[in-house]
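Trainee: Could we go through this structure together? I would like to learn what the words used for it rest on.

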2 protein chains.
Amino acid sequence: DDLVDHSDDELWATEPYRDPRLIVKTAKPFNAEIPPEYQIAHFDTPNELFYVRQHMPVPELEAGSHRVRVVVEETGATRELSLHQLQRLPAATLRAALMCAGNRRSEMHHVKPVKGISWAGGAISNAVWSGVYLRDVLLSCGVDPDDTEGKHVILTGADIDATGQKFSTSIPLATALDAGARVLLATHMNGEPLPPDHGRPLRAIVPGAPAVRSVKWLECITVSSEESSSHWHKKDYRAFNPSTTWESAEFERAPPVYSLPVTSAICAPRHGDAVPVRDGHIEASGYAYSGGGARVVRVDVSADGGRSWTEARLQQDAAPHREHYAWTLWTVRLPVPDHAAQAELWVKATDGNFNTQPERFDHIWNIRGILSNAYHRVTVRLHRSR
Amino acid sequence: DDLVDHSDDELWATEPYRDPRLIVKTAKPFNAEIPPEYQIAHFDTPNELFYVRQHMPVPELEAGSHRVRVVVEETGATRELSLHQLQRLPAATLRAALMCAGNRRSEMHHVKPVKGISWAGGAISNAVWSGVYLRDVLLSCGVDPDDTEGKHVILTGADIDATGQKFSTSIPLATALDAGARVLLATHMNGEPLPPDHGRPLRAIVPGAPAVRSVKWLECITVSSEESSSHWHKKDYRAFNPSTTWESAEFERAPPVYSLPVTSAICAPRHGDAVPVRDGHIEASGYAYSGGGARVVRVDVSADGGRSWTEARLQQDAAPHREHYAWTLWTVRLPVPDHAAQAELWVKATDGNFNTQPERFDHIWNIRGILSNAYHRVTVRLHRSR
Ligand SMILES: [Mo]
Ligand SMILES: [Mo]
């Protein structure tokens with residue numbers, strides 16, 4: 001887990017104000033979910049309700065004096081860019097969800113304990129990000145777009161752990177330079193300057209990837225022949241099969257997770273709710289999402305253990321498959337079995353590659369509890385009026 | 001189903017010679033699987049063993065006199081290109097598997113009958129294709145790469161049905177022009193001129209898509225504001241949920257399948273085989289594949305109903321994730337339960353988007369039996385020597 005000295009109150013003295021509607025999972029560092037009813041209330045999540053995932057205390061940085069350093073290891077070229085200088089590049093805007101790789105971990109935990117914050121389905125939110133493309137920044141610094149093989153872009157933030165190491169991870173240089181991958185250096189979120197919790201004044205946005213790659217409080221961009229050597233990069237966010245233990249896991253051999261699988265969740269009703277039945281139907285709604293630019297093409301919901309499936313209505317961004325980075329909201333009018341006093345609702349999404357979710361968590365279980373995308377299931381009481 | 005007049009023997013008089021090792025599913029039109037032992041015997045399938053999927057009789061075309069017509073509907077521009085003229089464009093080579101969208105349909109059929117050729121796992125093979133990029137052809141014909149929205153490329157072959165309609169389907173223009181999508185016009189397969197069964201003398205290769213998009217005996221390429229209007233395009237290769245019937249299916253509303261989900265199969269041992277157990281282990285091998293350029297990153301095999309999983313060794317092409325179009329071959333030394341007389345082997349693959357396969361066919365069942373990618377399961381007898 002993250003190396004933070006929780007005893008030193010001074011570290012936490014300047015934490016920003018947080019909306020009391022957020023569901024706090026850990027206070028120091030601050031990790032909090034957006035409640036499900038707020039996920040479906042807005043297609044673009046209001047900034048104050050966007051889920052928060054911190055590894056360390058929140059750094060306080062000034063937009064006016066902030067500089068991001070770009071280092072090209074091979075040539076030794078180094079540039080320091082102010083936000084003002086960045087903004088001379090073409091303006092870029094992207095609607096994208098960010099999702100923690102551990103979203104929905106709590107459901108996987110029921111199969112067998114896993115290590116990590118016990119997220120329910122609230123570690124995903126959606127926003128419109130604006131700034132400039134990382135591609136344009138790198139090209140302006142002389143990076144050769146035809147020489148990407150085996151190269152990486154290390155992204156380092158200003159947040160710092162108890163050993164003095166700043167938060168860092170990396171992405172392939174090919175991704176950073178792929179126009180379709182639309183990797184951003186964002187200064188704004190839903191038209192406002194980034195809030196402190198979301199990386200003020202500068203944050204990478206790597207859409208379709210686990211949110212950990214979207215480094216906040218961005219200080220340094222290094223083009224390197226190596227991946228980031230940080231423990232966040234080397235010892236986390238890698239996937240194993242269910243038989244791999246902490247003892248047998250070979251982190252160096254497992255590929256880093258750079259793209260998220262298709263997932264979905266029911267946000268309303270919630271577990272245990274009494275739901276009104278009208279003409280044999282109930283209403284349900286939630287979100288669906290797939291990483292790597294995949295567009296969700298269908299969401300199916302069942303109230304009878306998969307014997308029948310009803311296709312949900314989708315609310316989506318217009319971006320095409322392969323460059324579709326926003327989430328999808330869905331609603332459905334769902335038939336429920338006659339006379340039943342309760343029902344278990346299931347949801348599964350299918351994306352434009354026609355991948356869909358596994359039924360159960362058993363065979364995707366992994367020590368770190370990431371990529372937890374089996375069918376979401378919610379049991380509700382059926383309230384029939386006379 | 002395809003409209004072919006099976007009574008007219010003349011239609012079939014010039015069918016090419018076929019290797020007797022192919023497993024014939026239908027004779028007229030000719031549809032045949034590669035036997036599983038030959039899938040794993042070569043990383044690049046020998047041409048004569050490559051599975052064959054025909055809709056109609058095989059046209060006889062001459063490479064020397066063949067012309068492909070390129071039509072840009074918006075401008076009315078039309079060009080006829082000989083193979084010789086095509087070959088003035090930069091040479092392009094691509095290792096790619098082709099897989100029928102109905103591969104492994106026979107397993108889905110067991111849940112509930114589906115309509116289509118009852119393919120086992122032999123409707124996938126792998127080859128090195130060479131020719132030129134469709135992108136280069138279109139650019140040389142003046143197609144504007146910045147004006148792709150809502151546009152399609154209709155691909156029409158020389159094969160013709162009983163109503164006089166030539167085989168046709170389409171792909172998005174954005175895909176055709178995306179350098180990473182690597183859509184090819186191929187003249188050669190594994191270094192040889194295309195065999196008649198695989199499109200001699202010119203075939204589109206749309207890697208990562210259902211093989212139906214890789215139109216054989218290519219005669220015409222039309223840039224259009226409409227998708228192909230053929231029944232192969234409009235009334236097939238679309239996906240529905242398990243509750244959708246032939247009566248309720250809205251083909252116009254369902255998105256065409258342009259990319260295939262992650263799948264895998266055990267090629268050896270086969271169902272019912274007696275397998276030698278050595279030191280508590282057996283050997284197994286097979287293939288894995290994911291469409292849309294996704295690279296397979298892990299193959300897990302179980303001999304105990306998913307209680308334990310063993311990671312297989314992978315043989316792969318070097319292409320990176322997002323541009324990885326070849327299949328993956330795998331082998332595993334698998335522990336089997338003590339004292340058991342038989343075992344059911346399960347395989348599942350995970351791709352670079354960390355999507356994996358559904359456990360069972362029940363909830364991906366669809367009327368047409370396509371995208372049949374649940375875990376592959378093979379029951380074998382365990383032969384223990386003294
Ligand atoms: Mo995360
Ligand atoms: Mo097919």
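Mentor: Gladly! Across the interface of chain A and chain B, the rule finds 19 residue pairs in polar contact, both residues at pLDDT 80 or more. A polar contact is a pair of N or O atoms within 3.5 Å; within protein, one must be able to donate a hydrogen and the other to accept it, and residues adjacent in sequence count only if both atoms are side-chain atoms. Before we go on: this is a predicted model, where local features need pLDDT of at least 70, side-chain atom pairs count only at pLDDT 80 or more, and totals for chains, interfaces and linings use all residues. Residues are numbered from 1 along each chain as its sequence is written, chains are lettered from A and ligands numbered from 1 in the order in which they are written, and side-chain values use heavy atoms, with hydrogens and water left out.

Trainee: What makes the pair Glu311(A) and Arg253(B) a salt bridge?

Mentor: A salt bridge needs a side-chain nitrogen of Lys or Arg within 4 Å of a carboxyl oxygen of Asp or Glu. The side chains of Glu311(A) and Arg253(B) meet at 3.5 Å, N to O, so the pair passes the 4 Å cut-off. Glu311(A) lies in strand 18 of chain A and Arg253(B) in the loop between helix 6 (231–234) and strand 14 (263–268) of chain B, so the pair joins two chains. The rule finds 2 salt bridges across this interface.

Trainee: Why does Arg253(B) count as exposed, and why does Glu311(A) count as partly exposed?

Mentor: Set each value against the cut-offs: buried means under 20% relative accessible area, exposed over 50%, and partly exposed in between (1.4 Å probe, protein chains only). Arg253(B) has 54% relative accessibility, so it counts as exposed. Glu311(A) has 32%, so it counts as partly exposed.

Trainee: What does the pair of Asp236(A) and Arg368(A) tie together?

Mentor: In this salt bridge the closest N and O atoms are 2.7 Å apart. Asp236(A) lies in the loop between helix 6 (231–234) and strand 14 (263–268) of chain A, and Arg368(A) in the loop between strand 21 and strand 22 (376–384), so the pair ties together parts that are 132 residues apart in sequence. Asp236(A) and Arg368(A) are both buried.

Trainee: Why is Val206(B) called buried?

Mentor: The relative accessible area of Val206(B) is 4%, so this residue is buried. Leaving aside neighbours within four places in sequence, Val206(B) is in contact with Ile171(B), Val183(B), Arg213(B) and Ser214(B).

Terms used
Helices (H or I, at least four residues) and strands (E, at least two) are DSSP runs, numbered from the N terminus. Contact means heavy atoms within 4.5 Å.
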